[in-house]
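Have the viewer open and follow along, topic by topic.

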Amino acid sequence: MRLSVRTPGRYIAEKRLVLDTLTERLQGTVPARLAHERQQLRTAQNRLLAAGRGNLHRARLRFTQTVASLDAMSPLRVLSRGYAVATKGARGAVVTDAAALKEGDALHIRFAKGAADCRVIHTEEEQ
């Protein structure tokens, strides 16, 4: 349109119409965009919570397995399976080789329940 046909009032009315149209589009877009972003946030939160629960579950399993392994290797647990620990002399050095013993040596033997003091009568060495 030619500028001479446009009056300032008409020009302002046209611009106001354009502004109103853009305002309506913006107001319609923002809530939809916010709803979409909220949904994405909820999805991310759920995924994060699920990942955290999964990590916690795996950590608990590892902890339980570690505790079971340590318990199986516990000296008292080993003794409860029928083993004993023999120590010799004032220092109480653990005896691991019959060759370290001689007739008459005093031994202290620790069992799962209780202990006994003994004397070596005879030794046998493995070949």
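L26, V30 and L34 make a nonpolar surface patch of about 260 Å². This is a predicted model, where local features need pLDDT of at least 70 and side-chain atom pairs count only at pLDDT 80 or more, while totals for chains, interfaces and linings use all residues. Residues are numbered from 1 along each chain as its sequence is written, and side-chain values use heavy atoms, with hydrogens and water left out.

**The patch and its helix**

- A patch takes residues with over 30% relative accessible area and no salt bridge, joining like charges within 9 Å and nonpolar side chains (Val, Leu, Ile, Met, Phe, Trp, Tyr) within 5 Å.
- The areas come from the Shrake-Rupley method with a 1.4 Å probe, and for residues only the protein chains shown count as cover.
- L34, one of the patch residues, sits in helix α1, residues 8–73.
- Helices (H or I, at least four residues) and strands (E, at least two) are DSSP runs, numbered from the N terminus.
- L34 counts as partly exposed because its relative accessibility is 41%; the cut-offs are under 20% for buried and over 50% for exposed, with partly exposed in between (1.4 Å probe, protein chains only).

**A salt bridge along the helix**

- R33 and E37 form a salt bridge, with their closest N and O atoms 3.1 Å apart; the term means a side-chain nitrogen of Lys or Arg within 4 Å of a carboxyl oxygen of Asp or Glu.
- Both R33 and E37 lie in α1, four residues apart, which is about one turn of the helix.
- R33 is exposed at 53% relative accessible area, whereas E37 is partly exposed at 34%.
- The count of salt bridges comes to five.

**The sheet**

- Four strands form an open sheet in the order β2-β1-β3-β4, with antiparallel pairing; two strands pair if DSSP finds at least two bridges between them.
- β2 and β4 are the edge strands, each pairing on one side only.
- β1 (residues 85–88) runs antiparallel to β3 and is joined to it by four bridges; V85 stands opposite R110, and A86 stands opposite I109.
- β1 is also joined to β2 by two bridges, again antiparallel, and T87 has V94 in β2 as its bridge partner.
- β3 and β4 form a hairpin with four residues between them, and G114 in the turn has a positive phi of about 95°.

**The loop between β2 and β3**

- T96 is in the loop between β2 (93–94) and β3, and T96 counts as exposed because its relative accessibility is 78%.
- The C-alpha atoms of T96 and V85 are 9.0 Å apart, with the two residues eleven apart along the chain.

**A salt-bridge network**

- Which residue forms a salt bridge with D105, the closest N and O atoms being 3.3 Å apart? The partner is K88.
- That pair links distant parts of the chain, since D105 is in the loop between β2 and β3 and K88 is in strand β1, 17 residues apart.
- D105 counts as buried at 10% relative accessibility, while K88 is partly exposed at 28%.
- K102 also forms a salt bridge with D105, the closest N and O atoms being 3.7 Å apart, and K102 counts as exposed at 56%.
- Taken together, K88, K102 and D105 are linked in a network of salt bridges.
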